[in-house]
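Reader: Please take me closely through the backbone, one stretch at a time. Start with the peptide bonds and phi angles, then move on to the strands around them. Keep it brisk.

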Amino acid sequence: MSNPVATIRVLLPYHLRNLARVDGEVTLQVAAPVTLCTVLDALEARYPMLCGTIRDHDTQKRRPFLRFFACEEDLSHDSPDAPLPDPVAAGKEPLLIIGAIAGG
Amino acid sequence: MSKVRVLVGTRKGAFILTSDGKRKKWEVSGPHFPGWEIYHVKGSPVDPDRLYASQSSGWFGQVLQCSSDGGKTWAPGGNKFTYAGVPGTHMWYDGTPHPWEFKRVWHLEPSLTDAQTVYAGVEDAAIFRSTDGGANWEEMRGLREHGTGPQWQPGAGGMCLHTIILDPSNPQRMYIAISAAGAFRSDDGGKNWKPINKGLVSNMIPDPTAEVGHCVHHVAMHPDRPGVLFMQKHWDVMRSDDAGDNWREVSGNLPTDFGFAIDVHAHEPETVFVVPIKSDSEHFPLEGKLQVFRSRTGGNEWEPLTRGLPQSDCYVNVLRDAMSVDKLDTCGVYFGTTGGQVYVSPDGGDSWSAIVHDLPTVLSVEVQTLP
């Protein structure tokens with residue numbers, strides 16, 4: 001029996017929305033468990049032009065100037081294999097991918 | 001009637017400037033990829049509508065963009081630049097070993113014979129090749145692994161491979177240049193490489209005549225004389241008449257021989273253009289006067305070209321990839337500045353005017369001459 005599939009909402013930063021040519025939130029079908037890793041896998045599978053822009057191609061580490069927020073929590077330093085908060089897994093809250101406020 | 005298309009990479013996007021052969025009236029398209037750093041845009045000599053653009057960001061890393069319609073529309077290409085094998089270390093600013101880390105693509109050089117083949121010069125210094133239109137990239141590892149890599153050191157702009165020159169008379173011969181390692185040549189299509197820095201003298205390194213370690217800023221070649229190379233080094237303008245085996249200084253009467261950009265007239269292989277910059281401590285023109293210098297004798301004897309260029313209170317820089325020439329009968333010369341101007345001279349440097357005044361910092365300028 002296959003894992004249940006959840007509908008996950010992801011909000012990309014402005015420049016990645018432009019790169020992926022999407023407006024507003026992205027919704028993804030993600031098979032359980034719903035983690036940062038499985039959500040980003042699904043995101044990159046649907047929008048391959050985002051590969052390497054959120055996490056490193058080879059190490060899969062988060063790029064240093066990006067953060068992951070959800071449910072008013074900073075998940076950036078959590079394990080990528082940790083379950084995302086229930087409201088994210090239930091599609092009630094989006095996973096926010098945020099570009100650090102820096103630069104000119 | 002022929003026309004020209006100027007591909008401009010800036011700190012905040014790409015711009016495409018087009019004009020007819022008179023080069024008086026210009027159309028400006030852009031910004032393409034607004035908000036991103038566009039280090040370089042260049043078109044294929046085989047299919048001029050096939051363009052490649054290096055798009056990068058401190059937040060989102062490297063993206064490569066490709067166009068098949070001269071820049072009207074773009075599609076992302078592959079952006080996976082993975083060093084072959086275990087990349088090892090180069091020298092850091094303080095002289096300690098530092099791991100090789102990919103940062104960005106500085107220069108894209110499309111093949112002279114195949115529109116789907118393109119070379120990428122990257123930071124930390126290496127050369128990659130794609131043979132499928134920019135979708136997949138493979139490092140030409142013979143350069144980084146030829147032996148002197150551990151001695152290469154970043155310049156102030158990073159350890160970048162910024163110059164790639166393909167020899168039109170010999171498909172096996174390629175030149176590249178790295179700051180701060182020097183110039184290198186391959187005679188077997190990029191499998192094996194050797195330093196070609198004999199004659200360079202750099203007083204800021206422990207051994208001023210070392211085999212590698214020189215901060216070469218840019219190299220230019222005329223396609224009809226591929227064995228003759230002109231180099232703007234950190235300090236010194238240099239010339240080689242034997243494919244880089246030996247260099248001699250041709251700074252001559254230049255008021256300062258520091259600078260970044262250098263290029264060769266499209267129809268006169270002995271006519272060379274540079275933009276002297278005051279010093280490595282003060283990256284702007286001498287006395288606030290923006291001057292291009294032209295030599296019609298292959299170096300040593302230089303004349304200032306000032307008509308139409310600001311001659312007071314000008315403190316911009318002209319970066320290494322920000323000068324180019326067109327191939328119209330009266331060769332056009334172009335350069336972009338850190339102040340956002342792109343200047344054109346439709347008469348080989350005699351007179352200049354600004355095509356645009358207020359772009360973001362210009363990182364690169366390439367010109368296509370179209371039928």
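Author: Pro31(B) lies in strand E3 of chain B, which covers residues 27-32. The model is predicted, and its peptide bond from Gly30(B) to Pro31(B) is cis. Omega there is near 5°. A cis bond turns up again between Ser179(B) and Ala180(B), with omega near 0°. Ala180(B) sits in a loop. That loop runs between strand E15 (174-179) and strand E16 (182-186) of chain B. As background, most peptide bonds are trans, and most residues other than glycine have a negative phi.

Now the phi angles. Asn300(B) is not a glycine, yet its phi is positive, near 75°. Where is Asn300(B) found? It belongs to the loop between strand E24 (292-295) and strand E25 (303-305) of chain B. Asn300(B) counts as partly exposed because it has 15 C-beta neighbours inside 10 Å. A residue needs 20 or more to be buried, and 12 or fewer to be exposed.

Asp236(B) has a positive phi too, of about 90°, and is no glycine either. Its place is the loop between E19 and E20 of chain B. Is Asp236(B) buried or exposed? It counts as buried, because 24 C-beta neighbours lie inside 10 Å.

Strand E19 of chain B spans residues 229-233, and strand E20 of chain B spans residues 237-240. The two run antiparallel and are joined by four bridges. Leu229(B) has Ser240(B) as its bridge partner in E20(B).

How covered is E19(B)? Mostly: five of its five residues are buried. In a regular strand the side chains alternate between the two faces of the sheet. In E19(B), Leu229(B), Met231(B) and Lys233(B) point one way. Phe230(B) and Gln232(B) point the other way. All of them are buried, so Lys233(B) is buried along with Leu229(B) on its side.

Step back to the whole sheet. Four strands of chain B make up this open sheet, in the order E18-E19-E20-E21, and the pairing is antiparallel. Its edges are strand E18 (216-221) and strand E21 (248-249) of chain B, each of which pairs on one side only.

There is another open sheet in chain B. Four strands form it, in the order E26-E27-E28-E29, again with antiparallel pairing. Strand E26 (323-325) and strand E29 (353-356) of chain B stand at its edges. Each has a single partner strand, so one side of each is left without a neighbour in the sheet. The twist from one strand to the next averages 25°. Strand E28 of chain B, residues 342-345, pairs with E29(B) in the antiparallel sense over three bridges. In that pair, Tyr343(B) stands opposite Ala354(B) in E29(B).

Next, where chain B meets chain A. The contact involves 14 residues of chain A and 13 residues of chain B. On the chain A side, helix H1 (residues 14-20) gives the largest share, three residues. By class, that side of chain A has six nonpolar, six polar and two charged residues.

Last, chain A itself. It holds three helices and five strands. Along the sequence they follow the pattern β-α-β-α-β-β-α-β. A compact globule of 104 residues would have a radius of gyration near 13 Å; chain A has 13 Å, so the two agree. Its C-alpha atoms fill a box of roughly 50 × 30 × 25 Å along the principal axes. Buried residues make up 28% of the chain. Of the contacts in chain A with a separation of 6 or more, 58% join residues 24 or more positions apart.

How confident is the prediction for chain A? The pLDDT averages 94, and 95% of the residues score at least 70. Confidence is lowest in strand E1 (residues 5-11) of chain A, at a mean of 95. It is highest in helix H2 (residues 36-46) of chain A, at 98.

Key
Residues are numbered from 1 along each chain as its sequence is written. Chains are lettered from A and ligands numbered from 1 in the order in which they are written. This is a predicted model: local features need pLDDT of at least 70, side-chain atom pairs count only at pLDDT 80 or more; totals for chains, interfaces and linings use all residues. Two residues are in contact if their C-beta atoms, placed from the backbone, lie within 7 Å. Ala, Val, Leu, Ile, Met, Phe, Trp, Tyr, Cys and Pro count as nonpolar, Asp, Glu, Lys and Arg as charged, and the others, Gly among them, as polar. Two strands pair if DSSP finds at least two bridges between them. pLDDT is the predictor's confidence in each residue, from 0 to 100. The radius of gyration is taken over C-alpha atoms; the globule rule is 2.2 Å times the number of residues to the power 0.38. Axes are lines fitted to C-alpha atoms, for helices over the stretch in contact, and angles run from 0 to 180 degrees between N-to-C directions.
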